[in-house]
Amino acid sequence: MKYSAVLLIAAAHTGVSAAEPVVTGGAAPKAQAPYTFIEGKVPEDVQPDGNSIVFEGPNEMLVIDTGRHPEHTDKIIAVAKARNKPITAIINTHWHLDHATGNARIRAAYPGAKLYTSTAVEGALKGFLIRNVDKAKARLDDPSVPEPRKADTRLYLNAINDPANLVPDHPVKGTMSVKLGERELKLHLAQYAATEGDVWVHDPASKTVFVGDLVVVPLPFFDTGCAEGWREALAEIDRLDFQTLVPGHGLPMDHATFSSYRSAFDAFTACAESSQPTASCVATWMQKGAQFVAMHPDPKYSEDALAYYVDQVLRVPAKRSEYCGKPNASSR
Ligand SMILES: [Zn+2]
């Protein structure tokens, strides 16, 4: 279970899904995007789905992130079926299960699909992802737990019991290219950012970057994040020539909007690393990231989540050690 309780409780979000490419944030061009954007829903009572992207090649389809719930993954499969081309490759931006659970469902429909992602999932399958297995199993037997949460729990247990559909057969260990007809997608690896290994994708031809949870609206999710590596990743992305950035959650944005996200991120994490009170750090994001906070119906959700991340993740040395790859962690 990827999301902390505070996020799960408060995860009301503008979860409208769109089959058409959507560009927000001002000056981005309206030209037809060469991909289909499927927005991940973040409903109130169940765990979220990450955004997905479907690219069409001459004879095949490529997917970036596959969602969690079958309803989300089936939208991806429907795009491929409508074009009558098989999905031959999946790229997971990271191992969080709102982005990778759907791999199994895609491969059930298209058994040959290759999986490109970082090897960070191998560590997660020995740590973060299995820490709460007993609690999850107990939830299935608890009559007070609502059925939608039980359904999420079953999805989680099925996913971790099927590591072949999470672990890459094409590991991303640095920058690499994936060809789709004439199109050449550049895969980049950010180490110790939103997870221990985040893959982000640059399509130079359409001047688009797909960054997974390196960018999340209304605020960055630090559940497995390392502020230092994450800042470096955002700086590297900012140096690129692109017009549209597709985040892991929320709608696509233009480069200028991303740059303001980045400066809010830098200010928020610098505050978390200082001795300033938690409330000051929360206020930093609420002000500098105001346009992102405004994309969620409830500002209190952002305030609570930000305070949680400052106090329970960013200022906890054991978590910093674990998520920043510093092996001298004394506890967890
Ligand atoms: Zn996510």
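I will begin with some conventions and then turn to the two sites.

This is a predicted model, in which local features need pLDDT of at least 70 and side-chain atom pairs count only at pLDDT 80 or more, while totals for chains, interfaces and linings use all residues. Residues are numbered from 1 along each chain as its sequence is written, and side-chain values use heavy atoms, with hydrogens and water left out.

Let us start with Ser118, which sits in the loop between β5 (114–117) and α5 (120–124); helices here are DSSP runs of H or I with at least four residues, strands are runs of E with at least two, and both are numbered from the N terminus. Ser118 counts as buried because its relative accessibility is 4%, where buried means under 20% relative accessible area with a 1.4 Å probe and protein chains only. A polar atom of the Ser118 side chain lies 3.1 Å from the backbone nitrogen of Ala120, and a polar atom of that side chain also lies 3.0 Å from the backbone oxygen of Gly197. Leaving aside neighbours within four places in sequence, Ser118 is in contact (heavy atoms within 4.5 Å) with Pro168, Val172, Leu189, Gly197 and Val199.

Now the helix pair: α8 (residues 227–239) and α9 (residues 255–272) pack at about 160 degrees, with axes 10 Å apart, the axes being lines fitted to C-alpha atoms over the stretch in contact, and angles running from 0 to 180 degrees between N-to-C directions. That makes α8 roughly antiparallel to α9, a label for angles over 145 degrees. The contact involves, among others, Trp230 and Leu234 of α8 and Phe258 and Phe265 of α9.

How values were computed: Buried < 20%, exposed > 50% of the residue type's maximum accessible area, 1.4 Å probe, protein only. Polar contact = N/O pair within 3.5 Å; in protein donor to acceptor, adjacent residues only side chain to side chain. Parallel < 35°, antiparallel > 145°, perpendicular 65-115°, else oblique.
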